[in-house]
Amino acid sequence: MQKLTRHQMWREFKDYTSVTLGLACYALGWVLFMLPYQIVTGGVTGVAAMVYYATGVQIQVTYFAINMCLLIAALRILGWRFCVKTIYAIFTLTGFLTLFQHVFRDDDGNLLMILGSDQVFMSVVVGSIILGFGIGLVFTRNGSTGGTDIIAWIINKYKDITLGRLIMFIDIIIITSSYFIFGDVQKILFGYVVMFISSFVIDYVVNSVSQSVQFLIFSKKSDEIAEAINTVAHRGVTILHGMGWYSKQNMEVVVVMARRTQTGEIFRLIRDIDPKAFISQSKVVGVYGEGFDRIKK
C-alpha cells in the first residue's frame, strides 16, 4: 500500500474537515427548520423524514438503514473507492442528526420551532439555504451524502442520463409522494421550493470556490502590461500573436487567468499603463493547475 505524503495527508484532513462541517450544517437545517415544521424535500433524508412524520421512527434510523442497503449495491457495482467518503458521510450525518435532535428540544420534549409556529414559509427559505450551503461544502471536497447520489451513479453507469437530471427526477418523485401522507398540496409546493433554493445555493457554493476570470487584453503596450501583471499581481501571462482583420496590423494579445478577487487590481494595472487598451473579461469555472485548483479526477 502506497504511503501518503505529508501534503496528501494535509489535503485529506482539509477534505474531511470541510465534509464534516458541511454535514453539521445539513443536519442543523433539518433539525431546526425542516422537521419541526414537517417540511419534505428530496433525497433519502426526505424519505426518512416522511417515515418520521407518518410513524414517529427517528429520521436517522431510516436514513442509515436505507443508505446501508444502497451502499451494498454501490460497493458491488461502483467499487470501494467511490464509497469511502460516502461511508464516512453516512455515519457522520447519522451522528449529527441524533445529537442535534437530542439538544434542540423544548421542555415538553418537542423539537424547537425557533422561528415560531406560524413561520412555516420562512423556515422553508432559511432551512433551504442552510441545507444547500452544507451540501455545497461537501461537494466542494468531492464528498457525498449517499442516498439518491448512489442511485443516480448506479443508473448512470448503465444508462446515458446525466446525474443532475436523474437526481432531479428522483427528488420530484419523493416530494410528490408526500401527498399520500399529508394529503396537502401546499406541503408538496414547499418541498419544491426547498429543492429549488437548496440547488441554487449548492451551485453558488461549488462555483464560487472555483470561479476565476479570464482576460484578453489588446494593447500596443502589451509587453509592459504583461510584465506588470506578472510581477505585481503574480499571475502567469500568455502572449498570443494575432492580426486585426480590418487594419491588417499584427497585434499581441495578453491572456491572463486570475482569481475573481484580483479583478480590480488587474484593471488598475492596465489602466495605469494604457488607458486605451481593449479588454475582454469573462468568468470561467474550473481552472486547474499551478496557482489555481488541483486536478481532482
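The coordinates are a predicted model, in which local features need pLDDT of at least 70 and side-chain atom pairs count only at pLDDT 80 or more, while totals for chains, interfaces and linings use all residues. Residues are numbered from 1 along each chain as its sequence is written, and side-chain values use heavy atoms, with hydrogens and water left out.

The protein chain holds eleven helices and four strands, where helices (H or I, at least four residues) and strands (E, at least two) are DSSP runs numbered from the N terminus. Of its 297 residues, 41% are buried; buried means under 20% relative accessible area, exposed over 50%, and partly exposed in between, with a 1.4 Å probe and protein chains only. Among contacts (heavy atoms within 4.5 Å) with a separation of 6 or more, 70% join residues 24 or more positions apart. The chain exposes about 16900 Å², and carbon and sulfur atoms supply 62% of that area. Accessible areas come from the Shrake-Rupley method with a 1.4 Å probe, and for residues only the protein chains shown count as cover.

Beyond its neighbours within four places in sequence, G22 is in contact with G134, L137 and V138. G22 and L131 are 109 residues apart in sequence, yet their C-alpha atoms are 8.7 Å apart in space. In α5, the buried residues are S123, V124, G127, S128, L131, G132, G134, I135, G136, L137, V138 and T140. The 21 residues of α5 should span 30 Å at 1.5 Å a residue, and the end C-alpha atoms are 30 Å apart, which agrees. The expected span of a helix is 1.5 Å times one less than its number of residues.

The same check works for α2: its 13 residues should span 18 Å at 1.5 Å a residue, and its end C-alpha atoms are 19 Å apart, which agrees. Within α2, G43, V44, T45, G46, A48, A49, M50, Y52 and Y53 are buried. The helix is followed by G56, whose phi is positive, near 90°. In helix α3 sits N67, which counts as buried because its relative accessibility is 0%. Leaving aside neighbours within four places in sequence, N67 is in contact with V44, I90, T145, G146, G147 and I150.

Turning to the surface, H102 lies in helix α4 and is exposed because its relative accessible area is 65%. The C-alpha atoms of H102 and V31 are separated by 9.7 Å, although the two residues are 71 residues apart along the chain. Elsewhere, Y179, F180, V185 and L189 form a nonpolar surface patch with about 470 Å² of accessible area together. Both α8 (179-182) and α9 give two or more residues to this patch. Patches are made of residues with over 30% relative accessible area and no salt bridge, with like charges joined within 9 Å and nonpolar side chains (Val, Leu, Ile, Met, Phe, Trp, Tyr) within 5 Å. A salt bridge is a side-chain nitrogen of Lys or Arg within 4 Å of a carboxyl oxygen of Asp or Glu. L189, in helix α9, counts as partly exposed because its relative accessibility is 49%.

Finally, some loop backbone angles deserve a mention. Most residues other than glycine have a negative phi. H234, however, has a positive phi of about 55°; H234 is in the loop between α10 (222-231) and β2 (237-243) and, at 63% relative accessibility, counts as exposed. K248 has a positive phi of about 60°, again without being a glycine. This residue lies in the loop between β2 and β3 (250-259), and K248 counts as partly exposed because its relative accessibility is 48%.
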